[in-house]
Amino acid sequence: MFKRLIIASFLLTSVGCSLLAQESDRGQYNSLDPQEFLSSRQLFDRPHPRQVALALFEENTRESEGRKSEAISIEYPTWELAIVTIAIVGLADDSLRGLRYRLEFQYNDSHWQLDWVGSQVQCREGRGHQNWGRDRCL
């Protein structure tokens with residue numbers, strides 16, 4: 001009985017810490033409207049995290065001139081939460097060096113729902129901040 005209580009407490013603490021970390025990560029991104037984000041990219045209403053990740057990756061990697069790196073990751077911190085991160089560095093843009101999206105999906109009623117979207121940029125030298133951030137490049 002005591003062992004089950006410890007395990008249950010650990011699981012609840014882990015989920016709580018994961019949710020707190022998720023909230024603090026959001027503050028480092030520019031928040032975007034999830035429905036507008038999906039519709040502007042002609043994605044469907046009940047997207048699966050993998051399908052959205054691959055569609056966005058394909059959309060953002062068509063132009064490869066000057067490309068240094070492309071990365072995509074999907075994490076499942078809990079069984080009902082998926083976090084997709086897409087980063088492209090080396091854009092063919094005179095002020096933007098890189099673009100990164102973070103998409104958070106919740107699993108509800110037997111389907112995934114895009115719950116939150118954020119974006120960050122990395123500026124070219126002399127055009128603003130060099131690290132990932134919310135501020136616009138000059």
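Me: Why is arginine 41 called partly exposed?

Reply: Its relative accessible area is 21%, and since buried means under 20%, exposed over 50% and partly exposed in between (1.4 Å probe, protein chains only), arginine 41 is classed as partly exposed. This is a predicted model, in which local features need pLDDT of at least 70 and side-chain atom pairs count only at pLDDT 80 or more, while totals for chains, interfaces and linings use all residues. Residues are numbered from 1 along each chain as its sequence is written, and side-chain values use heavy atoms, with hydrogens and water left out.

Me: What makes arginine 41 and glutamate 59 a salt bridge?

Reply: The term asks for a side-chain nitrogen of Lys or Arg within 4 Å of a carboxyl oxygen of Asp or Glu, and the closest N and O atoms of arginine 41 and glutamate 59 are 3.5 Å apart, so the pair qualifies. The pair links distant parts of the chain, with arginine 41 in the loop between H2 and H3 and glutamate 59 in helix H3, 18 residues apart; helices (H or I, at least four residues) and strands (E, at least two) are DSSP runs, numbered from the N terminus. Glutamate 59 is partly exposed, at 30% relative accessibility.

Me: How do you know that arginine 41 lies over the face of phenylalanine 37?

Reply: A charge sits over a ring if NZ of Lys or CZ of Arg is within 6 Å of the ring centre and within 35 degrees of the ring normal, and arginine 41 is placed over the face of phenylalanine 37, at 3.9 Å from the ring centre.

Me: Which residues of H3 are buried, and what puts them on the same side of the helix?

Reply: Pro49, Val52, Ala53, Leu56 and Asn60 are the buried residues of H3. They cover an arc of only 100° around the axis, taken from the directions from the helix axis to the C-beta atoms, and therefore lie on the same side of H3. With contact meaning heavy atoms within 4.5 Å, they pack against helix H2 (34–40) and strands S2 (69–78), S3 (81–89), S4 (96–108) and S5 (111–123).

Me: What makes tryptophan 79 and tyrosine 107 an edge-to-face pair?

Reply: Rings of Phe, Tyr and Trp (its six-membered ring) pair if their centres lie within 6.5 Å, and planes under 30 degrees apart count as stacked, over 60 as edge-to-face and the rest as tilted. Here the centres are 6.4 Å apart with 65° between the planes, so the pair is edge-to-face. Tryptophan 79 is exposed, at 68% relative accessibility, while tyrosine 107 is partly exposed, at 29%.
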